[in-house]
Amino acid sequence: SQPYMVAKMTALLCANDSAAGQGLKVLEIGCGSGYQAAVLAAMGLKVWSVERIGVLAAAAAERLRPLGVSVIHGDGRMGYPDAAPYDRVIVTAAASRVEAAWDAQLKRGGRLVAPINVTTGNQRLLVRDKLLSDTDGFRNTWYDYCRFVPLLGGVEE
């Protein structure tokens with residue numbers, strides 16, 4: 001992702017959050033080279049990052065190990081339930097929808113930031129806050145139009 005977009009998504013993920021540097025748990029979907037995960041870890045967040053392409057996951061795991069980032073080779077659409085629940089979820093590829101697994105693995109009071117396909121060829125950043133009570137559900141707020149690679153399912157070795 002472009003540095004501007006990493007900064008924008010990071011700001012949205014941690015907006016109005018005085019506890020951002022206090023070790024919040026973050027699930028990142030789409031590790032790639034690990035740049036977004038490195039930024040979050042440098043801010044003091046605990047990061048689990050899922051990458052579907054094995055060679056990218058292995059390289060990112062080695063690169064991010066000194067920062068304490070856990071890189072998982074898996075299908076990001078499923079999240080990573082082993083370390084759930086998360087305070088934050090950030091998706092770094094364009095999704096057709098918010099996956100049920102991401103919602104389920106997000107703590108009450110947590111926040112998700114993701115580029116979502118909204119029309120043919122267009123995507124927008126979605127900030128989705130999981131409200132505190134069982135009956136409140138979610139509050140969605142839409143931000144900038146953007147352009148990301150598509151979120152793909154499955155895994156590649």
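Here are some exercises with worked solutions on a predicted model, to be followed with the structure open beside you.

**Exercise 1. Follow the parallel pairings**

How many bridges join β1 to β2, and in which sense do the two strands pair?

Solution. Take β1 and β2 together: five bridges link them, in the parallel sense. A pair to pick out on screen is L27 with its bridge partner W48 in β2. Now trace the chain from β1 through α2 to β2, and you follow a right-handed β-α-β crossover.

Move on to β2 and β3, which also pair in the parallel sense, over four bridges. Here S49 has V71 in β3 as its bridge partner. A right-handed β-α-β unit is formed by β2, α3 and β3. As for burial, five of the six residues of β2 are buried, so the strand is mostly covered.

R88 is found opposite R111 in β5, and Y86 has L106 in β5 as its bridge partner. The path from β4 to β5 goes through helix α4 (residues 100-105), and this β-α-β crossover is right-handed.

**Exercise 2. Follow the antiparallel pairings**

Which strands does β6 pair with in the antiparallel sense, and over how many bridges?

Solution. Begin with β5: eight bridges join β5 to β6, and the two run antiparallel. N117 stands opposite Q123 in β6. The hairpin of β5 and β6 has two residues between its strands, and G121 in this hairpin takes a positive phi near 85°.

Then turn to β7, which pairs with β6 in the antiparallel sense over seven bridges. To see one of these pairings, select R128 and its bridge partner N140 in β7. Last, check burial: β6 is mostly covered, with seven of its nine residues buried.

**Exercise 3. Find the buried side of α2**

Which residues of helix α2 (residues 35-42) are buried, and why are they on the same side of the helix?

Solution. First list the buried residues of α2: Q36, A37, L40 and A41. They are on the same side of α2 because they cover an arc of only 130° around the axis. There is a simple rule behind this kind of pattern: an α-helix has 3.6 residues a turn, so residues three or four places apart point the same way.

Next, ask what these residues meet. The buried residues of α2 pack against α1 (3-14), β1 (25-29), β2 (46-51), α3 (54-64) and β4 (86-91). After the helix comes G44, whose phi is positive, near 95°.

**Exercise 4. Describe the setting of D75**

Is D75 buried or exposed, and which residues does its side chain reach through polar contacts?

Solution. Locate D75 first: this residue sits in the loop between β3 (70-73) and β4. To settle burial, compare its relative accessibility with the cut-off: D75 has 14%, and buried means under 20%, so D75 counts as buried.

Now take the polar contacts in turn. The side chains of D75 and R77 are joined by one of 2.7 Å. The D75 side chain also reaches the backbone nitrogen of G154, at 2.9 Å.

To complete the picture, leave out residues up to four places away in sequence; D75 then touches V50, L152, G153, G154 and V155.

Notes
Residues numbered from 1 in each chain as written. Predicted model: local features only at pLDDT ≥ 70, side-chain atom pairs only at ≥ 80, totals over all residues. Heavy atoms only, no water. Buried < 20%, exposed > 50% of the residue type's maximum accessible area, 1.4 Å probe, protein only. Arc of directions from axis to C-beta. Contact = heavy atoms within 4.5 Å. Polar contact = N/O pair within 3.5 Å; in protein donor to acceptor, adjacent residues only side chain to side chain. Pairing = 2+ DSSP bridges. Right-handed = clockwise from strand over helix to strand, strands pointing away.
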